[in-house]
Amino acid sequence: MNALELSGIVKRFGEVLAVDGISLSVARGEVLAVVGENGAGKSTLVSVASGLLAPDAGEVRAFGRSLPPGDPRAAIDAGIGAVYQHFMLVGPLTVWENAVLGREPRRFGFIDRRRARDEVAAAAQRFGLSVDIDARVDQLGVAAQQRVEIVKQLWRGARVLIVDEPTAVLSPPESAQLLATLRSLAAAGRSVLFISHKLREVLDVADRIAVLRHGHLLQATSRAETDARQLTSAIMGLSRVSGTPYETPAARSDSARHGGHGEFRIVSPKLEVREVVCRSDRGKLALRGVSFRIGGGEILGVAGVDGNGQAELAEVLTGLRPATGMVALDGDPSFHRSPAAARAAGVVHLPEDRRRRALCLGLSIEENLALGNQRAPPYARGASIDFGGRRNKALELIRAFDVRPPDPRARAGALSGGNQQKLVAARELRGGAPPRLVVAVHPTRGLDEQARQRVHEALRAAREAGAAALLVSLDLDELRALCDRILVLFDGRSTGEVPPDASDEQLGSLMLGQESAVG
Amino acid sequence: MVELRARIFAPARDPLWGALLSLLASLILSFAAIALSGRDAMAGFADLAAGAFGGPGPLGETAIKTSVLLLTGLSVAVAFSVGLFNIGAEGQLIWGALAAAVVGRSQVPGVLLWSLLAAALAGALWGLLPGWLKVRRGVHEVISTILLNWIAIHLVHGWLIAGPLAASGSGAEVSVAGTAPIAPAAWLPRLVAGSRLDAGLPLALAIALGVWLLTTRSVRGFEWRAVGAGREAAQASGIPAGRRICEGMALSGALAGIAGALLILGTEHRYPGVFRTGYGFDGIAVALVGGGTVWGSALAALVFGALRAGATRLQLVGIHPSFAELTQGFAVLLVAAPRLFQPVLLRLRGRALPPSSAPPIPTVQP
């Protein structure tokens, strides 16, 4: 009898099939790692297992008993405890108060403080979780807060612990400590479902490793049967197990004109980046001295496992994040001092979080299409809005990018994700003056094939028009189809720069931080 | 018929319709409430109408109240446009009123204009403060504007008009608290004999037109709305979001300040000892019922103004004058109601409007 068993889980969000018939089980005393790129369906699967989401089909069983779908309380009662990336803790309360919150041991109708405190302390000690039971949670660091979450779940009797991307917030030594804790939990007979996309940790801690891609379970193997290289290929879809049909590099019509692969043409570098260093929102070093150049008419791909500095790099180039080092566009080193300055210099941005960063969801399609260029014709005439010019331009862009519904007055928030991205791409690439630098981050994530092609066409058109472009993507097929060179980032550094026809093995090892002899 | 149904069920798309419907429905509900309490609702409504519209006197009262409510409503609506909920119109109105009362006492030429400008400036500064706190320190504007209301009330009523700015004259003025009277040159000119109708109404309407042009027709207004609809996206697109928020809050405060000036320059002619108008708070209701739009707010201001003016007469038939507030409350609730029932309404609308009859997309030729 397995501790946790998921069978035939299907979960759909609107048009997107997030999880498509996945069956997985975790045995007692086992650490099962689930890996996959963003959007592969990991988090959805976790939410189904912990009862936060009701699956459209399939069943969750804990210790042989079937759980009612979408009932988190039943999942907790059955011994499933989840630690999410965002902690569910009350800052001003102490560690033990947080642990017992909502299930306080009572005595004569009052909280039995002594018993509660002692039990929580015992739970922490038993599993070797070092945490000051009487400390206020808001005075603890992130790693300690995470231990509080774990203690909380253990005190509540969790026999299956689900940890979702737990090391994303931790420093390397803290991560190592957490992994040791998870191992000791397994040794004590508890089960762990460990979600991550950091392969090293996964290989360190897991008994079995499952790989998800596009909502499917690609493989579930024991630790011994796999290695980093094989996992990377599976995660990235390099073996083309479920690959979408892309044009292959050889079939690219423009490859001849570009002088073929392997030969790096730098047409008077438009963008020059030297030794750039910046910090993440959490204050950790996100870029540790990255250098590269992009010429006009060139697309530089940025590959790497998510979270290795790609997002921050894009923000630096678009003026959203301060950095040290040199970043110059056509010789101008201060173009990225603010978003407004970057935009004025001809930088356009297809951000990762388009709903928040690129769109005013309450405004109409045509208003969103004007955003960023709202002060210039055809969107404005002097200080006033040019309604006619804006409407015509909007209809033109809507047609060119096939935004649906094709009603310029429709609210942007009412569009599907793919149409929102088409809207953003239309505005950024065709809405104003021809861009000089295009920064696109996961521009086709969550898009269907047709929408994906439109965005690709628009990026190619920008390149034809002489723009420099930086394309961050986790999808190696996409990078290969579009880019002239691929830069690989690992831990905030560049581990190499390779032509787009570089082998899977070469890219894989660069992504894992092994410096390339070729790049 | 189909079209009408579709329009009725689309209040969110057309705020003026939403305002009109909720105001009508709230009047019907109030009528029913009076009838249920055993009073003569017909007579009550007749008195109400007479008190609000029966001749130049009542019309003047309605006009004064409508003008002030329109300005405080616009104040709240403008803050809405940059995404802030300004509960502080009352405090901004108080400072505007005080500034008008102080400047209005001077003997300079064009004192009326200077008084209005001083009121706008005072209100703008009191509105700018929570905007600045929001941008700089992340202080939530609902909290800061509520607190700033009380600071304004106590500073002005508890200290300034009782102390430094209190009338220090002799005779009749001594017995009354408040500031000394303003110069007659600072009075808002009355437009009709036998009525207190003054230049406040045309002034408020002109300002409303200006606000409408600014918020819906100008690029700056578009940037305000973009910031209100998505601050991060606006910022990333190069709009200085913090500055736009401060601008919006300053204009919001200025409008409330001018509302205060209308009361002083039009009717009070001094800052009185007792001055708890509630117009600032009612501005919130006006803006909500008006759907945050200028003309919706104007409609709501007219109805609420008429209710305020007419409600005093209701006591004649034994109806408490707080009836006006009841109607106002109903209107706000009803405006919120369509959002509660949106799914149902959308479904009804879907049936009412077959896809084939969807309106064509209008194309504007250059």
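**Chain contact, helix crossing and a buried glycine**

The contact takes 31 residues from chain A and 22 residues from chain B; two residues touch if their C-beta atoms, placed from the backbone, lie within 7 Å. This is a predicted model: local features need pLDDT of at least 70, side-chain atom pairs count only at pLDDT 80 or more, and totals for chains, interfaces and linings use all residues. Residues are numbered from 1 along each chain as its sequence is written, while chains are lettered from A and ligands numbered from 1 in the order in which they are written.

**Chain B side of the contact**
- Helix 10 (219-229) and helix 11 (231-236) of chain B each supply at least two residues to the side that touches chain A. Helices (H or I, at least four residues) are DSSP runs, numbered from the N terminus.
- Helix 10 of chain B gives the most, with 7 residues.
- By class, this side of chain B has 11 nonpolar, 6 polar and 5 charged residues. Nonpolar means Ala, Val, Leu, Ile, Met, Phe, Trp, Tyr, Cys and Pro; charged means Asp, Glu, Lys and Arg; the others, Gly among them, are polar.

**Helix crossing in chain A**
- The axes of helix 8 (residues 228-236) and helix 17 (residues 504-511) of chain A come within 10 Å and cross at roughly 105°. Axes are lines fitted to C-alpha atoms over the stretch in contact, with angles from 0 to 180 degrees between N-to-C directions.
- Helix 8 and helix 17 of chain A are therefore roughly perpendicular (65 to 115 degrees).
- Helix 8 of chain A contributes A:Arg229, A:Thr232 and A:Ser233, and helix 17 of chain A contributes A:Asp504, A:Glu505, A:Gly508 and A:Met511.

**B:Gly88**
- B:Gly88 sits in the loop between helix 4 (56-81) and helix 5 (89-103) of chain B.
- B:Gly88 counts as buried because it has 33 C-beta neighbours inside 10 Å (the cut-off is 20 or more).
- Not counting residues up to four places away in sequence, B:Gly88 touches B:Gly127, B:Pro130, B:Thr145, B:Leu148 and B:Asn149.

Terms used. Angles under 35 degrees count as roughly parallel, over 145 as roughly antiparallel, 65 to 115 as roughly perpendicular and the rest as oblique. A residue is buried if 20 or more other C-beta atoms lie within 10 Å of its own, exposed if 12 or fewer, and partly exposed in between; C-beta atoms are placed from the backbone.
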